[in-house]
Amino acid sequence: MTLRTALFGLLAVGLLWSGAPRFVAADDGEPVTPEYSEAGADDCLGCHQEPSMAEFFRSPHAAVSDPRAPGGQHQCESCHGPLGAHLPMHGDAVVGFGTETHTPVDEQNAVCLGCHQDEAAHWASSAHASEDLGCVSCHTIHTQHDPVLSLTEEPEQCYECHKKERGQMHRPYAHPVRLGKMNCSTCHAAHGSPADAALIEVTLNETCWSCHAEKRGPFVFEHAPASEDCSLCHEPHGSSHPNMLTRTPHLLCQQCHSERDHPSTRFTSTGIEEGSRSGFLLGRACMNCHSNVHGSNHPSGATQTR
Amino acid sequence: MYRSSHRALLLTFVLGIAPAVAPGSEGRSTESCELCSFPSGWYLDTDFGVAYVSDDSFRFGDYTGTTDSGLYLLGRVAADYWGASGAHWRLEGSDMGLDARRLELRGGLPGRYEFRIGYSALPHNLFESGRTPFRLSGDSLILPPDWQTAPTTTAMGGLNASLSPVEIRTERETLALGLAFTPNRHVEYAVDYRYTDKTGTGIFGGSFLNTSALLPRPVDHRFHTLDAKMSVRTDSWSAQLGYLASIFRNDDQRLRWDNPFTPVLPGAGIGQAALEPDNEFHRVALSGQYRPAAATQLSANVSLGRMTQDDQLLPYSTSTDLQSPLPVQALDAEIDTLNADLRLVSRLGRALRFTASYTLDDRDNQTPVFEWSYRLAETLAAVPRTNTPYDIERRRLRFGADYRLPFRAKLSGGWKRETVERNFSEVDRSEQDEFWAKLKVPLGQRVDVAIKYAFADRDNDGYRQLEGPTGDSLTAQNPLLRKYNLADRERQGLELSIFVRPYDGVDLGLTAETTDDDYTDSVLGLVSANYESIAGDAAFTMLRGVFVAVHGGYDRYRSVQAGSQAFAAPDWRAESEDDSRYAGLSLSLDEAFERFRLHFGYTFSETSAAVQTWALGSADGFPDLTSRLHRFEANLDYDWRDTLVVRLGLLFEDYTVDDWPLDDIGVDGVPRMLSLGNEWLDHDAGIVMLSFRYRSRP
């Protein structure tokens, strides 16, 4: 309760501060407002005749019917600013995108977020924003086909920074990202989210259950870690162990289980030798018996064997 | 007027009625744009051809559909239609000759309405090498009529003669529908519906005390997901109202099986387990963002959800002689969820930015508690148990700030407190404080270096023994055990990243990190863990149209745990180490040869997992679990005509795996476990592809 009070107090202070006059634009002199072109895109295309411009008109941004898209607004100038700003008197103040431009990344992003407000919802507090990523760090704009929106091509973009995840996805037990059947945004919201690790759902388990709803329950006999956090036992980016378990199962289970009638046991390699093979080690190890490990709905399922 | 407009929008949002805001009033007609080359009519980009798969391989066909050797049809299509009014429709399909196919039609009038319908199939192959004496009859796995039970698998005389092959595989087929309607630039409605049918065969371990049989269980799952959203946005605020329904249906509520072993007690001849019960989840979510100033954003999200499950319960035992009345016929389980998040982000000037957030995830389990007179292995009357519907409340408070220093340098830091409260748990309340700091320094114009350090300390309010069922001390946990997700822990992490662009067209990147976990109060259970990784890549645009990329990395995860066979102080210790390394090369020659383009790719990945144990001075080790993958890909494209490209493609995989829990066990290799004899198989398999790509002229 104390934390909540402190937080709300802090938020209130922050709001008041942010609304203070010093953050409101207050130009004393007459601002010089660059003007939009009268001819619209024709004025731009008169000079900018790069072959890639033809592709732009296939892109969603060119849609004339969409009042939210540049095509339905000021066309090129919707994103790059009024043509008047491009004239020498304004020092060529056209808005550029990418790293080879004078436009600060915040201003670049502000242009995109001005329309993409749904994506902007959590952008400001996202890890990508704090890393000063620009929208065009990942997105390709003047094209119908933005690779980062592709199921198969998106991961390459993510791996540029998230390098170790590329290797994890090649482990023998992993979601089929390397095969192009899932991508990073199947689970992660690159533009930020309320959840940890920018997951697409509000919690990690809800994210997993969006495909594995059969494990949601509720069950008569729950298994506490399965109800709380799937990643306590699973490594979703890929593992050396079947079922993407974080460790070999007979050790994983014994990190939490050591009952008097079923104490933690030091299994040795003797248990895998012919003649003395152990069902505690081989096959599915503990899950040879405790199969309903995500929860059992059987009235005799207290130990997840039914 | 401004306020009225906002109120109208807010009212609209609440009532779900579109406001009459003039669409696109700021826009300008492009009808007179002479240089705008808007597409019209049809545009087709499609590949059709054949592929030959060299070898049968279940693993090679996992998620891809190329399981059997032989010829396959290749098919990919991307067809666009642009209408005069601006309408755009696109038909997109891939892998249409394989079991892992996708097809989607979407389109509409952008910014007004959009429609989507799609189908996809995804096979998941696990084991083809399984064999079983069981045959599925209804919801029962039955043994041959002449089956002779025995105390061990090796004594099952007729076993080999009764085995039939069984494939462990599932397939997901998904139908997706979507509709979005945008009456004006401020409001959008969207509905997505997804139906997934997952069918096939899985594995279930059916046990009777000290014996077990791995059973080929049927999988007949159906998933319905409905996601409806309404968004309202203005220049200074936006809000979304959403409803999510997730409905799971299982055609198989139970699995019965004949006990292949000699029953240790009367009544243990047939086993029965509950399979995943039908369940539903419904959630309403409201979120909003408010920007009181250009540099400040306040956002809030609240979700209220309810999970329910009310399947009819199975009896305690399959033996009619051993029945006890159930406390209820259906559990009527219900869990209410509340997820709330409040965030403030503000930039003070150009240099300082701070964030504050508070997140609450509450799982309030309303499921009633009953005493269950359950039976072990269908026969033994055990001490009654009560179910433990878990409540979990997780609260997170975060503050962070970053400050831009001169020369593009940046200093960041933050603090996070996470508090978790649970019931039916050894720890009622745990609290973790995490501090982190990061410095990002550019070294000149071509080098960026970042280093981050984090420290987290998790403490609980006391670890206590859970009270077991009355009169049942046998199920009590060793009091020295500390479950690792509840135990006190100190975690330190260090990350380093370097990005270098020595020349234009050359990019080098390196990241390294290490994390140390010390479970400070754990005597039994996980004691310590360490993770280390290093990964790097380089990309070269060497000449016009020549692109080379290499990448590689190594990581290692080590953990130490202790156990007690004597149910007392630690008398054994185990250390596990998982290593993985990978490397890859990609070469593209797009313009080096007239009319020809070449792409070549190679990926190598290797993993190993080792376990060592110690007890009373004796050491022992298990064989390593290993896997090794070599994958080559090459494509040669020839521009036959302006609109036609011929592609010759090669793909080859060499995969080897050693997995001692499964390798060479056979069906009867473990005396008290009747296995499926399934194991991961190596493969050398390749595909040769010849296809024609047709692209109509723009």
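Student: How many bridges join strand 7 of chain B to strand 12 of chain B, and in which sense do the two strands run?

Tutor: The model is predicted; local features need pLDDT of at least 70, side-chain atom pairs count only at pLDDT 80 or more, and totals for chains, interfaces and linings use all residues. Residues are numbered from 1 along each chain as its sequence is written, chains are lettered from A and ligands numbered from 1 in the order in which they are written, and side-chain values use heavy atoms, with hydrogens and water left out. Strands (E, at least two residues) and helices (H or I, at least four) are DSSP runs, numbered from the N terminus, and two strands pair if DSSP finds at least two bridges between them. Here, strand 7 (residues 140–142) and strand 12 (residues 254–258) of chain B run parallel and are joined by 2 bridges. Within strand 12 of chain B, B:Trp257 stands opposite B:Leu141.

Student: Which strands form the open sheet in chain B, and in what order?

Tutor: The sheet has 4 strands of chain B in the order 6-7-12-13, with mixed pairing. Strand 6 (135–137) and strand 13 (270–274) of chain B each have a single partner strand and stand at the edges, so one side of each lacks a neighbour in the sheet. On average, neighbouring strands of this sheet are turned by 25 degrees against each other, direction ignored; the axes are lines fitted to C-alpha atoms (for helices over the stretch in contact), and angles run from 0 to 180 degrees between N-to-C directions.

Student: How many bridges join strand 9 of chain B to strand 10 of chain B?

Tutor: In a regular strand the side chains alternate between the two faces of the sheet. Strand 9 (residues 187–208) of chain B is joined to strand 10 (residues 211–233) of chain B by 22 bridges, and these strands run antiparallel. B:Gly200 has B:Val219 as its bridge partner in strand 10 of chain B. In their hairpin, which has 2 residues between the strands, B:Leu209 takes a positive phi near 55 degrees. Strand 8 (residues 164–184) of chain B is likewise antiparallel to strand 9 of chain B, over 13 bridges, and a hairpin of 2 residues joins them.

Student: Over how many bridges do strand 26 and strand 27 of chain B pair?

Tutor: Strand 26 of chain B and strand 27 (residues 506–518) of chain B pair in the antiparallel sense over 11 bridges. Their hairpin has 5 residues between the strands, and B:Gly505 takes a positive phi near 90 degrees. Strand 26 of chain B also pairs with strand 25 (residues 447–460) of chain B, antiparallel over 12 bridges.

Student: Which element of chain B has the lowest mean pLDDT?

Tutor: pLDDT is the predictor's confidence in each residue, from 0 to 100. Where pLDDT is low, the predicted coordinates should not be read in detail. Helix 1 (residues 2–15) of chain B has the lowest mean pLDDT among the elements of that chain, 46, whereas strand 26 (residues 489–500) of chain B has the highest, 98. Over residues 1–5 of chain B the pLDDT is below 50, and this stretch has 1 contact (heavy atoms within 4.5 Å) beyond near neighbours in sequence. Chain B as a whole averages a pLDDT of 92, and 94% of its residues score at least 70. The model scores ipTM 0.93 and pTM 0.92.
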